[in-house]
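Look at the sequence and the model first, then read on.

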Amino acid sequence: EVVGLLGPNGAGKTTTIRMLLDFIRPTAGHARLFGLDAQRDSVAIRRRIGYLPAELNLWGNLSSLEIIRYFGRAHGGVDMNYVRQLAERLEFDLTKKIRQYSTGNKRKIGLILAMMHKPDLLILDEPSSGLDPLMQQLFIQMLREARTEGRTVFLSSHVLSEVQAVCDRVGILREGRLQTVDRIDALTKVDFRWVILTLKQPIPTATFERLPGVDAVSAADDTTLRLRLRGDFDPLLRALDGQYVIDLRTQEPTLEEAFL
């Protein structure tokens, strides 16, 4: 599955990832990956993990190919044909030196380094930061493929639309505490929906503001209203009695609204 870790800045997302990887150690408690202890068995765990940090610092004078081969040797070998496939999909030039790359291209080399061994677990910290929209879509597709192949992805992200598009489950972290862990579809089934009304004649917003279950009424123009509805439609429909309704649409809350 693909699991997302969400939370405001400073909530502890990167700290959590760094503890899972045994870069820093907790003052109390423990973590387990693949049934192994994150501290005692960290070397065995890392053999099965691909990792992309939020800030990737590589040697500026080396080319991507040199860095890939270096990490490949450290890992015990890498399939260069697969590396070239990843680079081709990401439209990434392997021959340039690291210092010549844009921010987005530096994220691409990071993704290649994380994915090139086809790890059992991908841990990605703000993975799509700096990627253009087309590359973000390709990145989402690649994560779905990893899931289909039976691998697990654990990612931290501020891009909630991306999380909603790719994640099966989400954990929400706040001030170092996990507030909830649930499936995306369950999290977005909150007790309200948005209603957008387009009428033939103008109608004052006050008509709807006093209805039970209705709040956050706003007017896009004289004849188009947006409101938040909790509970039944009946009071709203009764308030529209005698009005010519051109359009009535509902929108389910996004993950961002559920998160907020």
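A salt bridge is a side-chain nitrogen of Lys or Arg within 4 Å of a carboxyl oxygen of Asp or Glu. Side chains of opposite charge can pair when their charged atoms come close.

This is a predicted model, in which local features need pLDDT of at least 70 and side-chain atom pairs count only at pLDDT 80 or more, while totals for chains, interfaces and linings use all residues. Residues are numbered from 1 along each chain as its sequence is written, and side-chain values use heavy atoms, with hydrogens and water left out.

**Salt bridges**

The structure holds twelve salt bridges. One of them joins Glu-1 to Arg-169. Glu-1 lies in the segment before E1 and Arg-169 in strand E7, so this pair ties together parts that are 168 residues apart in sequence. (Strands are DSSP runs of E, at least two residues; helices are runs of H or I, at least four; both are numbered from the N terminus.)

| Salt bridge | Closest N and O atoms |
|---|---|
| Glu-1 and Arg-169 | 2.7 Å |
| Asp-41 and Arg-40 | 3.7 Å |
| Arg-249 and Asp-247 | 2.9 Å |

Asp-215, Arg-228 and Arg-230 form a network of salt bridges.

How open are these side chains? Three classes are used: buried is under 20% relative accessible area, exposed is over 50%, and partly exposed is in between (1.4 Å probe, protein chains only). Arg-40 is exposed, at 63%. Glu-1 is partly exposed, at 34%. Arg-249 is partly exposed at 40%, and so is Asp-247 at 28%.

**Around strand E7**

Arg-169 lies in strand E7. Its relative accessibility is 31%, so Arg-169 counts as partly exposed. Contact means heavy atoms within 4.5 Å. Beyond its neighbours within four places in sequence, Arg-169 touches several residues, among them Val-2, Gly-4, Val-181 and Ile-184. Its C-alpha is 9.2 Å from that of Ala-186, which is 17 residues away in sequence.

Which strands pair with E7? Two strands pair if DSSP finds at least two bridges between them. Strand E1 (residues 2-6) pairs with E7 (residues 169-174) in the parallel sense, over four bridges. Here Val-3 has Arg-169 as its bridge partner. Strand E8 (residues 177-183) runs antiparallel to E7, joined by six bridges. Ile-172 stands opposite Thr-180 in E8. The hairpin of E7 and E8 has two residues between the strands, and Glu-175 takes a positive phi near 50° there.

**A buried arginine**

Where does Arg-151 sit? Arg-151 is in the loop between helix H6 (133-148) and strand E6 (152-156). With 8% relative accessibility, Arg-151 counts as buried. Its side chain makes a polar contact with the side chain of Glu-149, at 2.3 Å. (A polar contact is a pair of N or O atoms within 3.5 Å; within protein, one must be able to donate a hydrogen and the other to accept it, and residues adjacent in sequence count only if both atoms are side-chain atoms.) Leaving aside neighbours within four places in sequence, Arg-151 has contacts including Glu-1, Tyr-82, Pro-119 and Ala-146.

**A nonpolar patch**

Trp-59, Leu-62, Tyr-70 and Phe-71 make a nonpolar surface patch of about 380 Å². Patches take residues with over 30% relative accessible area and no salt bridge; like charges are joined within 9 Å, and nonpolar side chains (Val, Leu, Ile, Met, Phe, Trp, Tyr) within 5 Å. Areas come from the Shrake-Rupley method with a 1.4 Å probe; for residues, only the protein chains shown count as cover. Leu-62 is in the loop between strand E4 (49-52) and helix H3 (64-75). Leu-62 is partly exposed, at 31%.
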